Structure formats: structure tokens, C-alpha cells
Amino acid sequence: MALTSSAKYPQLAPRPVGKQIHHLYRDRLALFTNNGQYKEQSLLAKLYDGRLSGDPHVKLSVWSAPDLSRPTFKEATAKGNEYRKTKKGESFGPSWSTHWFKLQFTLPYEWIHKTRVELHWDSNSEAMVWTEDGKPLQGLTGGGERTEWIVPNEFRDYNKEHTIYCEMACNGMFGNPQGGDTIQPPDPDRYFQLSEADLVSVNLDARALYYDFWIIGDAAREFPEDSWEEHQALQICNEIMDRFIAGEGSRSCILDCREIAKRYVGNLVDSADVYKTDNDAIVNAIGNCHIDTCWLWPWAETKRKIARSWSNQCDLLDRYPEHRFVASQAQQFKWLEQLYPYVADRVKDHIKKGNFQTIGGSWVEHDTNMPSGESLVRQFLYGQRFFESRFGERCRTFWLPDTFGYSTQLPQLCRLAGMNRFFTQKLSWNNINKFPHTTFNWVSLDGSQVICHMAPCETYTAEAHFGDVKRSVTNHKSMDQDATSLLPFGKGDGGGGPTFGHLEKLRRCRGIADTVGLLPRVKIAESVDEFFDNLEEKAATGKTEFVTWYGELYLELHRGCYTTQANNKRNNRKSEVLLHDVEYLATLATIGEANGKSGYKYPKKALDGMWEDVLLCQFHDCLPGSALEMCYRDSDEAYARVFKTGQKLLQDALGALGFDDTLGGYRHQHDVALETLGWSRGYETRLRRETESWQAIRDPSETQATMDASHHSRLRDVSIHQTGNDVFVLENKQLKVEVTSGAITSLYDLQAKREIIPKGQKANQLVIFDDKPLYWQAWDVEVYHLNSRKELKASSSTTITEQSKERVAVSTMTKISDKSWIKTTISLSAANKNDDPSKASLVEIAAEVEWHETMKFLKVEFPTTIRNTEASYETQYGIIRRPTHYNTDWDMAKFEVICHKWADLSEHGYGVSILNESKYGFATAGSLMRLSLLRSPKAPDAHADMGRHHMSWGIMPHTGPLDERTIRAGYEFNYPMRVHKHPEPVVVENLMRAFKLTEDSSRSLVVDTVKRGEDDEDVSNGDMPAKKGRHVIVRVYDSLGGMSRGTIILEPVQVKKAWKCNLLEDELEEMKIGDEGLEIELRAFEVASYKLLLA
């Protein structure tokens, strides 16, 4: 049937019409919204229809805080402070200083009924708006970003003066870097100009059109040019511009332009109704605000960033009903609670409403490579307990978007801390290989799994652009299993979080998806948990079988973080050791009353303070060494508190146990070695006191009679002699060590009759490398640095520095440069005459270093005669094996890896373990093992690692495979034996046997932690309801990767009941107590916690 039309097709062509030159009309779009030469004729000129500046409407005065102090509101507004007049254009500084402004403003009559009045404040630095009575309202970013504060209705009355305060911080969102390069050390003398302090009347229709045009313009730029959707977007944008020009930017033409825009974005974009369509969305946007607890600013500034950022979000949550915001890091909530109670109350109100959501379950967003296993446990324990105590709910999702790689045991620990899911995106930063999955099951060493999602937008600070939504599909690598994804948006690193602009853009992206199509449909997620609930339901019901990834999530970047800021890393290790010992001894002290003393109380409050300091310092820019110098002054102070408190707690616990180091005379013979590890180190323990020589010390596992009877049979010998020019031989019953000019040229196992060092090569060889990564100085070391290897040669003759029947040692000085040197001492102790197979001899090396290099990397090498395609490294609660070859890019990418107390290279029948007491970077290439010692980057800390260092490492050859000898040697190398005097050692002997394993237990089992129950009525800090009774928590793990059985000794402690529990100390199942103690069975690499109720 023919169509009929009233329109008549003309016979004659009225004029020529050409085809649009596509790229010209596309490039034209930028003229409508940029700050260029046509700004005054563009849409930008219509965003505001009035502006008030200066007297009489805006009066400014300022008080500058003394020095670099950060005074509270009360301190800043004290009567004695003199506020002087100031004006726009004045500059304030220097860097890190604080200036408080009083703004007194009055609105003229014609402004009373303006649609929207905002204060636009831009000091080109961060700032905070306060009410006259001291309520913090809104954070401001500066530099043209987030500069607006909406004047509330109660301030909009005619001819009445109102007062607010602006707290100006003399730092930008990313601190005070020099030369425009974000990671450079801060400029100490930077000044910031107050460029804007105006009241403005906002044209909300023009502002809405701005976002319409932005997103439609993105469609014209980013949709495929061969799609009708791209061409339609371009036509809509050009039509808007033409209408704007024709209407000369009038209010009516702006409304017309909006109507044109709605043909592309739909009619619902001005409210949350845009998300209420029946169409399913696959992109789940969620607001977040990543605030680095320290990075390019100190902790004190972080505390202000939290208040600024989260008050911003409370404002947006009030204005945008669809908005959902997540925040992690219990430490930040605690700071807010302590310092900004008004903001904290606003946050709590929104948490109750469900639109401000806690997430993560950890104390901070911590590094996961270097903290010990117990530190990872405490991150979860302290984090989850804080969230539960303040907000009545634990977190279900582990949120760690910016940490530099993820340890292989995290899935197990997450499950034990009540979290089944994990979110990150950091592996998108890999600089060699592309990680192949988006959503997958991540499996730990013991087989535990969590659902892991890595945002395909490949950022945690998305700007909610059209492209972010688009990349949530185009970058998605798990579309075969599930197409949904998270889109975390909001300003981050330095804080801030989502802006109103982000929310406006997302509305329009959804409008385009529903109206035009092609763009993935986005929604504001109800919560991250809801997103993961859907994934979990699909996995649990078998609807979707997600792919699996076993083992660590190794970040192919930031490998230098295993070494940078060596003293900070040493403090971390020593703090962990100290806390372990204090908790163990304090637990015994609360149990044992045999010493006749009473009144000792488990020091929960003090221990909490120590742990919170240590956990804070494990933040992912602090412990890895990627923060500026000010941060390490902060962490040094925190560690000093930890060590001071820890030493006092040790003395208190020892006193409660009856130890008294003031004893003298005949009682001197009652020295008792405190064995805080889960096994006996043997009947003799070598320990150097500050004022005494090496000596045999009584171990409580040995009776006095046994010691006396076997004393003479246990004498041991070690010798040293010079065999040539600067050549020395150190020898005991197991090892013969040849030292030539400070390096080990031969290491011979006398019992195995085997040479460990290849002929002509040198172990303990110091080497230095040029260390200039592509950009991230403190973070990165690139594979090409290996090409610059240079051996360091001794600058002095080797000398004998110790010679006794117990130990011998030689020392060598090596000049690194005109400014730097290292003194190494190689020592060998006597071997056990009884040939105890559980004890392998150890060559120990202690080093003192004066280090003043620039972009150099110091390492020590150990060539071996061992061949294996894999080396083994200690990780938290287990072992990780990595390639020693470069077969593939994935193998080569691991040219520098993380290890804890040891690394091992073994072949059938023999191996070598390298031990350390404060290092984390390691490499094994072929048969060469290499321990990383010191770096010298100059950004962001210009003085990183400069100065004096003390460190030690050890070489432990061993017959047979990697086994418990290496595990225990690593612990013993890090946990010094303490010797103290006791008038009656028998009083504590039996007590100190409790909570260790019986001799017939699997030797792969390690008792890692002994502590009191968190909520015991005699221990509780009050955060959670106290529980009746006294409990001891014993944490055990399998260290070698096989099913292990054992018995935890309980006697002489009386235990009524025992349960297996999770990391949060929830009881899981009751355990049977046997005649010898608590019988346990662990699967390979399982971490098991037991809760014992004392009688």
C-alpha cells in the first residue's frame, strides 16, 4: 500500500547542501564548554547569573596559626587571637601551615529568592567550612575543583550578617610536591593564593545542560564512528550549540537546549528516577574515597582529610537519594570519632540509613606482603571489632584497592575473619603481563577461597566518565562467566570522594543506555555487598562456575617496596617479635599464681595501643617505604612508643612470674632462658648479653639434674686459623668456611662431604646496582637494573674479632664510595657434638652500614651448587614457591620477590637456606640467591635510607629437603632468647611448658601465638560486652604443607573446655581434651585458632 503525505517533494533544489565534515563538527564541540578564547560566548559564561565579592557583602579576616600547628576550632577562635583584614589575591603559606578565615557575609534583597546561592572559595589548597559555633560542614579541594559550598536557607535572609569560618590548609590534595611532579619531595616554602571568595547565584539549568552536553559529547567522541549512535550524538550536540547561538544564551534557549539533549539522554536524568526503569544494569557504580592514611602528607593532615572528605559525602547523601558511599579503615573512623564528633555523628546517621557503608574489615588498608601472619590476623581482628562495636555489624567484603600485591594466605584469613569476598584493582598496574581475570575464585595455600573482583574500569578513583562506564565492559575479562562489574568512583588517594558532577554524569550515562543504547547500562549499586551477594549466589547454586587463581596475586610493579626505608621495616619486624613475647608472658602471668604475687592484670589497654600503632604503620604506603619523610618521623615516634611500652610490659610480666634481675651472689646460677617459641632450642642456648660473654643458660625444659649430668658431654668446639694472605678458615664439626678478603670462597659441609659454593665464585659477595626506575623511585626497581651489577671489594684486611670455644668471627671493612661503607662480621658457632639432626650449623653475618648513596641498590649474593627450577620463600603461615628461571614473561616478571624470615633453594637430598632478621626483598636466578639490603631513591623522601643501619643474615646448608629445621631456624634467628634471674626456677618451669606441643607432634606444626581472650571479664577494654570466664587463645599453623597432627600441652594449666574458633574468637566447634592435652589435626597450611576456657 503506498504511503501518502501532505508534504510535497520540491522539483527544484533550493540550495546546495554538503556533507558534514565529521571531524570538524566533532572538534567543534570543545568550544562550547572549555576555558579557551570563546569562554565568554560559551555555556560556561551562563553557569552563574550573579556574583558578590568583597565589601559590603563579603568581609574577610584571617588568623594565621603559629609555626606549623593545626589548631582546633576552639583554639583558632579563642578571644586572644587577632583576626586581621584580608582580601582575594593575597597568598598564604608556607607549606603545611594553617590559616583560619572569618567570612562575614550579607545577601542583598534581590538574592533572597535566588534558586541556588553558593560560596565559591578557592585558596588553591584544601580547606574546610565551619559554622560560627564550631560545626565542620564541608571540605573544599581548591585549584578549581570542589570549591562550592551551598548557602543554606537559614542563611538567606535579607540584610542580616552571617558568619562562617574557613580553615585553610597550606597543602594541595597531593601535598606540596616540587616542580609539578606529584611524587617529588615537598617544597617547604610553598604559598597559596586566595583566588576566589565570592557568593554566586547559580543557573541550575545551565549547569544541568553542561553535564548533558559533556556526556553526549563523550558519546560523539567515544562511540564507534561507524555506529548510528555516534552520529546521532554528534548531531544532537551541534544542534544544541546552534540553538544556543541563535538564542544568544538566554534562559529560554538554555531550556530549549535541554529539551534537545533529552532526545538522547531521556527525560529522567534530573532525578534518581532515571534508575527506576525495568532495565537490568550490569555496571554497578559505588562511591568511594580512597584516603591514604599517609603518603605525600603526614598523619596529622590525614585526620583533617577524613573530616573534609566524609562531610562532603554526608552532604551529597542528603542531596542525591541514589548515592551510596563506602569507607574502609577502622583507624580513620576512630580518628574522626576522637577529633570531629559532629562529622562522626553525621556519618553514623547515614550508616543507620544504609547509604554510608563500612567496608574492608581491617584496621587500615594495609600492605599484605610484609606484615607477619599474626599482624594480618590483627588487622582483621581490630578492624572487625571496631566496626561491630561502633556500628553493630562486621564487614563482609575485604576492600583493598591500592595495595602492592596480595599474599597467598589472604583468602584463608578472610574466611576466618568473616569475609567471603575480596575487591581490588591494583593488578591492572602490571607493567609486564596483563592479569587474565576480572571475577574469579582466589584460592589460598590451604584451599580456602574467596570471590575476587577486580574492577574492569581499572581504577578505584573513576571520574564517572562515559569512558569509565564503557571500559567496565570492554576491559571485562570474565564475560563468559558473568558480565557484571563494580565501578568505584570518586576523588581519591588524597581524599575527597565523589562530587555532585560524578553523580550527574552517571545519571546521564544511564539515560543514554536506556534511550539510545550501545553504552552499558549503569546503576548506583545498593551496596558492594549486594553486588557480591549476587556473585556468591551464582557460585553457590552452580549457575556460574568461576575460574580459579591459586596462590599469590603478584603485582608486577613496585618491587622496590620490599626494600625501601629499611629501618622502618626493621622496626616492623622487631615490633611483631616484641608483641608476640609480651602477649605470651603476660598470658602466663595472669594464669600462674605460684609466685605468690597477686594483682597482676593482663595489660589489654596497653597492648591494644601497641598493636594499633604497629597496624597503622603497616599502611600500604608506610611499611612499603613509599611515603614522604614526614611520615617516617611519625612512624618512628609510633615505634618508639611501642618499644618503650613493650619493654615495660615485659618487665611487669616477668615480675609477676617471680623473676628478679636484681638477685646476686649465689643466686646468680639461677639464670633462666625464656623460651617464647613453641619448641625447646635445646639444653644450651647461646646468647650474648651486653656485658657478658657467650655462656650456657638454663632452659626451663631441662631439669637441673639433667644439665649437671650431661654438662661435660656437651662441650663444643669451633676453630679459626689464617691460611694465606687475607684468607681465614672457620671450622666446626659440620662446616668449614673459607673467607678470602671478606667474601666466602668455600663453604664445605663436612658431614655431607659437599661444597656449596661453585669453584671460583664468592658467597656473601656485596654487589651494588644502578637503580633508576621508569618513574616511581621509592616504589620500583626495573629488571634492567641487573645489567649494572658491580662487585664491591674489601677496602681493608680481614681481622679476627672473636675467638672462643663457642664462637669465632672475622670482620672486614668495605668502602662503597667516598661517603658510604659497610663492615661485615662473619661468624661460626660451635656445632653440636651429639649430631642432633634437628640442628644445622649456621654461618651468621652481621653488618653495620653507613649509607649515603644516590639511586643505588645494595645487595648480597650467594652462588650455590644447588639446581632447581623453583625456590621456596617463607610467607605468612606458609611457603610459596617461585621460578628460578625466565622461561616466560610471567617468570621473568618475578625477578625480585618478597620473603619473610628465610628463602631456600633445595634439590633432592640437599639445600641452602638464607635467613634474615629484617629484610624482605629477595631473588633467586638459577643457582644464585640474592638478598636485597638497601636502596637510595630520592622521591618522595629525598633522604630515604640515608644514615646508619644494622642488619644480619645467615647461611644454613642442610642435608635433605626443606623442612622444619629451616622453619625453626628462621624463628630462632628473629626471636632472641631472654635470660633472667629467678630465685626458684622450678616455680615457673611447669607453667612455661603449657601451650607448647608434645614431642610426638608433627614437627611441621608451629604454635605462633598465645594470648588472652579479647572479651574476658578480667581483660575486656569495654568495646564489646565482656564474657564470663578466662580464656587463652592458641594459634597454630602447618608450616610445610601437609596434614599435621599434634597435641597442645595444657598442664599445669587447668582447662575446662576447648573450642576451635575463628580469628574473631567466635567458637566454631567444641574440641575434646585428651589425657596429654588438646589433640589437633590441621590440613596443609591451615591456620587454626583454639579457645581454651580456664578452670
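**Figure 1. Salt bridge between Arg978 and Asp581.** In this predicted model, the side chains of Arg978 and Asp581 meet in a salt bridge, with an N to O distance of 2.4 Å. The two residues come from distant parts of the chain, 397 residues apart. Arg978 belongs to strand 44 (residues 978-981), and Asp581 belongs to helix 14 (residues 566-591). Both Arg978 and Asp581 are buried. Side chains of opposite charge can pair when their charged atoms come close.

**Figure 2. Salt bridge between Lys981 and Asp671.** The closest N and O atoms of Lys981 and Asp671 are 3.8 Å apart, and the two residues form a salt bridge. Lys981 lies in strand 44 and Asp671 in strand 23 (residues 671-674), so this pair ties together parts that are 310 residues apart in sequence. Lys981 has a relative accessible area of 8%, and because buried means under 20%, Lys981 is buried. Asp671 has a relative accessible area of 6% and is buried.

**Figure 3. Salt bridge between Arg930 and Glu861.** The side chains of Arg930 and Glu861 meet in a salt bridge, at 3.3 Å from N to O. Arg930 is in strand 42 (residues 928-935), while Glu861 is in strand 35 (residues 856-863). The pair links distant parts of the chain, 69 residues apart. Arg930 is buried, and Glu861 is buried too.

**Figure 4. A network of salt bridges.** Arg70, Glu126, Glu167, Glu301, Arg304, Lys305 and Arg308 are joined into one network. The salt bridges in this network share partners. The structure as a whole holds 95 salt bridges.

**Figure 5. The largest nonpolar core.** This core has 151 residues. The residues with the most contacts inside the core are Trp310, Phe995, Ile1080, Tyr1090 and Leu1092. Helix 16 (residues 629-656) gives the most to the core, contributing eleven residues. Another core, of 66 residues, lies apart from the largest one. Among the residues of that other core are Ala219, Cys253, Ile254 and Ala464. In soluble globular proteins, nonpolar side chains tend to be buried together.

**Figure 6. The surroundings of Leu1092.** Leu1092 is one of the residues with the most contacts inside the largest nonpolar core. Neighbours within four places in sequence are left aside here. The residues in contact with Leu1092 are then Phe995, Arg1030, His1031, Val1032, Val1034, Leu1050, Val1055, Lys1057, Ala1058 and Leu1078. Phe995, which is in contact with Leu1092, is also among the residues with the most contacts inside the core.

Notes. Residues numbered from 1 in each chain as written. Predicted model: local features only at pLDDT ≥ 70, side-chain atom pairs only at ≥ 80, totals over all residues. Heavy atoms only, no water. Core = buried A, V, L, I, M, F, W, Y, C linked by side-chain atoms within 4.5 Å. Buried < 20%, exposed > 50% of the residue type's maximum accessible area, 1.4 Å probe, protein only. Helix = DSSP H or I, 4+ residues; strand = E, 2+ residues; numbered from the N terminus. Contact = heavy atoms within 4.5 Å. Salt bridge = Lys/Arg side-chain N within 4 Å of Asp/Glu carboxyl O.
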